[in-house]
Amino acid sequence: MAVAYFHFYAELNDFLPRHKRQVQIIHNFSERASIKDTIESLGVPHPEVDYIKVNDSYVDFSYIIQDEDNIYVYPISVIDIHPPTILVRPQPLSEMRFVLDIHLGKLATSLRLLGFDTLYRNDYADEELAEVSHTQSRILLTRDKGLLMRSLVNYGYYVRSTNPQQQIIEVLRRFDLFNIVSPFHRCLRCNGLLQPIAKALVIDQLPESVQLQNDEFHRCQECQQIYWKGTHYERLQQFIDGVLQQKA
Ligand SMILES: [Zn+2]
């Protein structure tokens, strides 16, 4: 039986059983295995890993673990004074776009409200989520570790909080999005972009009270939903202000 010694840093410990957190993990093995498969067998999904050091060298996911290896696994939050020569995470995305699993409907609405291109359906199958994330280079947000471990998923993140208000703050922090929010640019229903539209063109579709009190309207280019600054708008604005105050 061979043995390897694993050390997981910072938030990667969230995926380990309590007694294995923040300690050296002694991993016995007898079969040839890649470092990627072994890390996942210990519970840590590969999209959460930023770089890996084995003994004194950086390695990629295809590295085959050897007897007596000391393996150090780092998330994105840990910055090494000597920049790693090999990163296992994929190239940074030029645009932050998301696809969310079926349990994150409220988070999807919040991301759209803040202007982020966010795909969400309450009937996506796991295969479809992985496929969409892969083909469209979208960050898969999920609370399903097994889904994140699918090999198709390059960009993904396990949402730690179960509270929707905390989830949006967590995601904005994790992906450094506070400075690029663009509220009220996307349809909350379908993710389409909103465009200003003249009152005269939509007036016959509005309740009388709205006709009297509003002059500014936007319409979704996809589903044609009309938006105006009603009482609902004030509640949303308060929600946005509350979230943006959490910029750490
Ligand atoms: Zn729409």
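Over residues 96–239 the chain is 37% helix and 15% strand, where helices (H or I, at least four residues) and strands (E, at least two) are DSSP runs numbered from the N terminus. The end C-alpha atoms of this stretch are 22 Å apart. UniProt places the feature "domain: Mut7-C RNAse" at residues 96–239, in an unreviewed entry. UniProt positions are given in the numbering used here, with shortened feature names, and annotations may be inferred rather than shown by experiment. The model is predicted: local features need pLDDT of at least 70, side-chain atom pairs count only at pLDDT 80 or more, and totals for chains, interfaces and linings use all residues. Residues are numbered from 1 along each chain as its sequence is written.

Residues 1–77 carry the UniProt annotation "domain: Ubiquitin Mut7-C", also from an unreviewed entry. Here the chain is 9% helix and 31% strand. The end C-alpha atoms of residues 1–77 are 34 Å apart.

The chain has 8 helices and 12 strands in total. Its C-alpha trace spans about 80 × 35 × 30 Å along the principal axes. Buried residues make up 25% of the 248 residues. A residue is buried if 20 or more other C-beta atoms lie within 10 Å of its own, exposed if 12 or fewer, and partly exposed in between, with C-beta atoms placed from the backbone. Among contacts between residues at least 6 apart in sequence, 59% join residues at least 24 apart. Two residues are in contact if their C-beta atoms, placed from the backbone, lie within 7 Å.

The axes of helix 2 (residues 105–113) and helix 5 (residues 164–174) come within 9 Å and cross at roughly 50 degrees. Helix 2 is therefore oblique to helix 5. Helix 2 contributes Lys-106, Leu-107, Ser-110 and Leu-111 to the contact. Helix 5 contributes Pro-164, Gln-167, Ile-168 and Val-171.

Tyr-158 lies in strand 9 (residues 156–158). Tyr-158 is partly exposed, because 19 other C-beta atoms lie within 10 Å. Not counting residues up to four places away in sequence, Tyr-158 touches Pro-45, Glu-48, Thr-142, Arg-143, Lys-145 and Leu-148. The C-alpha atoms of Tyr-158 and Val-132 are separated by 17 Å, at 26 residues apart along the chain.

Helix 8 (residues 231–244) has 14 residues. The count of buried residues among them is 0.

Terms used: The expected span of a helix is 1.5 Å times one less than its number of residues. Axes are lines fitted to C-alpha atoms, for helices over the stretch in contact, and angles run from 0 to 180 degrees between N-to-C directions. Angles under 35 degrees count as roughly parallel, over 145 as roughly antiparallel, 65 to 115 as roughly perpendicular and the rest as oblique.
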